[in-house]
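These notes are meant to be read with the model open. Work through the points in order and find each residue as it comes up.

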Amino acid sequence: MTTTLSAAEPAAPPCQNPGPARRGRRQTALSRRTLLLFGGPFVVLFAAMYIAPIVYATVSSFYVVKRSGLGLAAPTEEFDPLHNFAQAFGDHDFLAGLGRVGLFAVVQVPLMLGVALGLALLIDSKSARGKGLFRLGAFLPYAIPGVSAALVWSFMYSADSSPINHLLEPLGIQIPFFSSGSVLWSVANIVTWSWTGYNMIIIYSALQTIPGEVLEAARMDGASALRIAWSIKIPAVRSSLVLTAVFSIIGSAQLFNEPAVLQPISSGSISSTFTPIMSAQAAVAAGNYHYAAAQSVILAVAVGVLSFVFFKLTNRSENA
């Protein structure tokens, strides 16, 4: 008996399940559409709100306005990429503002972060009471807008109405808040008052991530509270301290609100070029937009370099 295959035998039905390659292509296409749907608006807004102003300011800094000798013809803009930068590096007021802000950052930032760290450690201590109320009280100055805080402190500093000097008057002490040697530190006091609580909250949050078993083991080994803070807690919040330090360096370069509010009552100690941003604002008020753009670019590059160097140095010491 023999068996033969018929030519009219129906073909096997097509496979219902797509192969792995087809499923992979579908998932890839779906991932691309999801990325475009959610990431597209962010990219557009980031380019419009961040990239475009930086590019515009950089390009604008390469131009200079030329006017005829008699001023009869309309001014023209000429491409001269070095003119505004050479003028900025020869501007003694602008350079003095950069140095003033640099001194401000070197002194105020470590002081503020040291106070914030101390407050965070105190609140985190086992014997602390009323932690929630203390955290809220320390954070309140940050909730007050910078201009409002400067207005409050201008009343405290005023030569006519200062309650601080009125209280110290029986002791024969008068604090010259607006003298040339102390006006920068009067501004630093306002900034420290406003931002210490904010930094304290960040550091305190990092302290909460330390496992309780580690702290309990240290206590069982006989470590004192000071030893636990120095050897366990402070190293554990190192990354938070670096983050707040970088934010504070950037914030120091943006110093504007406090000196601008105090300027009218400073008796000339705070000039229109007291900080680099105030100098750029003065250039804008004078109609020299290209020079203001060059000052802004110099300040942005300086802040970027300082932040990068600080970040690399702290990372190197951490990895050592």
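1. Ser 267 has a relative accessibility of 75% and therefore counts as exposed (exposed means over 50% relative accessible area, buried under 20%, and partly exposed in between, with a 1.4 Å probe and protein chains only). Ser 267 sits in the loop between α11 (257-262) and α12 (276-285). Its phi is near 55 degrees, a positive value in a residue other than glycine. Helices here are DSSP runs of H or I with at least four residues, strands are runs of E with at least two, and both are numbered from the N terminus.

2. This is a predicted model, in which local features need pLDDT of at least 70 and side-chain atom pairs count only at pLDDT 80 or more, while totals for chains, interfaces and linings use all residues. Residues are numbered from 1 along each chain as its sequence is written, and side-chain values use heavy atoms, with hydrogens and water left out.

3. Ser 271 is also in the loop between α11 and α12. With a relative accessible area of 31%, Ser 271 is partly exposed. Leaving aside residues up to four places away in sequence, Ser 271 touches Gln 263 and Met 278 (contact means heavy atoms within 4.5 Å). Ser 271 and Gly 97 are 174 residues apart in sequence, but their C-alpha atoms are 9.9 Å apart in space.

4. Which residues of α12 are buried? They are Pro 276, Met 278, Ser 279, Ala 280 and Ala 283. Just after α12 comes Gly 287, with a positive phi of about 85 degrees.

5. The next points concern helix pairs. Two packed helices are described by the angle between their axes and the distance between the axes. The axes are lines fitted to C-alpha atoms, for helices over the stretch in contact, and the angles run from 0 to 180 degrees between N-to-C directions.

6. Helix α4 (residues 131-143) and helix α7 (residues 183-207) have axes that come within 5 Å and cross at roughly 135 degrees. α4 and α7 are therefore oblique to each other (under 35 degrees counts as roughly parallel, over 145 as roughly antiparallel, 65 to 115 as roughly perpendicular, and the rest as oblique). The crossing of α4 and α7 is left-handed; that is, the near helix is turned anticlockwise from the far one by less than a right angle, whereas clockwise would be right-handed.

7. Which residues make the contact between α4 and α7? From α4 come Lys 131, Arg 135, Ala 138, Phe 139, Pro 141 and Tyr 142, and they meet Trp 193, Ser 194, Trp 195, Gly 197, Tyr 198, Met 200, Ile 201 and Tyr 204 of α7. By class there are ten nonpolar, two polar and two charged residues (Ala, Val, Leu, Ile, Met, Phe, Trp, Tyr, Cys and Pro count as nonpolar, Asp, Glu, Lys and Arg as charged, and the others, Gly among them, as polar).

8. Arg 135 lies in α4 and, at 27% relative accessibility, counts as partly exposed. Beyond residues up to four places away in sequence, Arg 135 touches Ile 123, Met 200, Ile 201 and Tyr 204. Arg 135 and Phe 177 are 42 residues apart in sequence and 29 Å apart in space, C-alpha to C-alpha.

9. Helix α5 (residues 146-157) packs on α7 at about 135 degrees, with the axes 10 Å apart. That angle makes α5 oblique to α7. The crossing is right-handed. Ala 149, Ala 150, Trp 153 and Tyr 157 of α5 make the contact with Ser 186, Asn 189, Ile 190, Trp 193 and Ser 194 of α7. These residues divide into six nonpolar, three polar and no charged.

10. Helix α3 (residues 92-124) and helix α10 (residues 238-253) pack at an angle of about 145 degrees, and their axes are 10 Å apart. α3 passes α10 in a right-handed crossing. Among the residues in contact are Phe 104, Gln 108 and Met 112 of α3, and Thr 244, Ser 248 and Ile 249 of α10. The contact has eleven nonpolar, four polar and no charged residues.

11. An unreviewed UniProt entry lists "transmembrane region" for several spans, including 175-195 and 289-311 (positions are in the numbering used here, feature names are shortened, and annotations may be inferred rather than shown by experiment). Residues 175-195 are 62% helix and 0% strand, with end C-alpha atoms 23 Å apart. Residues 289-311 are 100% helix and 0% strand, and their end C-alpha atoms lie 33 Å apart.
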